[in-house]
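Grab a pencil and work through these exercises on charged side chains. Try each task before reading its solution.

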Amino acid sequence: MMTTKMEAELFCLHCKEDTPHTVVYVGQSLKRIKCNKCGSALEIKKDKLIEHYAVDFIERVFTKPYRMTKELEGDLKKFIISLPIRIITKPYRIAKEVEDLISGRKDE
Ligand SMILES: [Zn+2]
């Protein structure tokens, strides 16, 4: 499947500020949002979001756009800030180590 990468200025939950992010779409679906500054990534599982968001909002954010527009960037900002905390993954490089060690939830 085709991978599309786009840049957007978004709020990072780890840096606690707006930083450049890489937004990755695989096929037609939003797959990952990664902070270019600290490397933390949100791996997105669309089916887990259905219970939290309106379907039209999910479609707008998740369907691959032709380009990163201001409107989409605004939607992504809203989306990230409103994400339920349990959907947010560990910073990416830590997550790589942790996923081999545990299958359940582990607190900091
Ligand atoms: Zn960050």
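**Salt-bridge exercises**

Asp 75 is buried, at 6% relative accessible area (buried is under 20%, exposed over 50%, partly exposed in between, using a 1.4 Å probe and protein chains only). Before you start: this is a predicted model, where local features need pLDDT of at least 70, side-chain atom pairs count only at pLDDT 80 or more, and totals for chains, interfaces and linings use all residues. Residues are numbered from 1 along each chain as its sequence is written, and side-chain values use heavy atoms, with hydrogens and water left out.

**Exercise 1.** Find which parts the salt bridge between Asp 75 and Arg 60 ties together.

*Solution.* Step one: check the contact, which is 2.7 Å from N to O (a salt bridge puts a side-chain nitrogen of Lys or Arg within 4 Å of a carboxyl oxygen of Asp or Glu). Asp 75 sits in helix 3 (residues 70-82) and Arg 60 in helix 2 (residues 55-62), so the bridge links parts 15 residues apart in sequence (helices are DSSP runs of H or I, at least four residues, numbered from the N terminus).

**Exercise 2.** Work out which residues join Asp 75 in one salt-bridge network.

*Solution.* Start with the salt bridge from Asp 75 to Lys 78, at 3.8 Å from N to O. These two are 3 residues apart in helix 3, about one helical turn. Shared partners then join Arg 60, Asp 75 and Lys 78 into one network.
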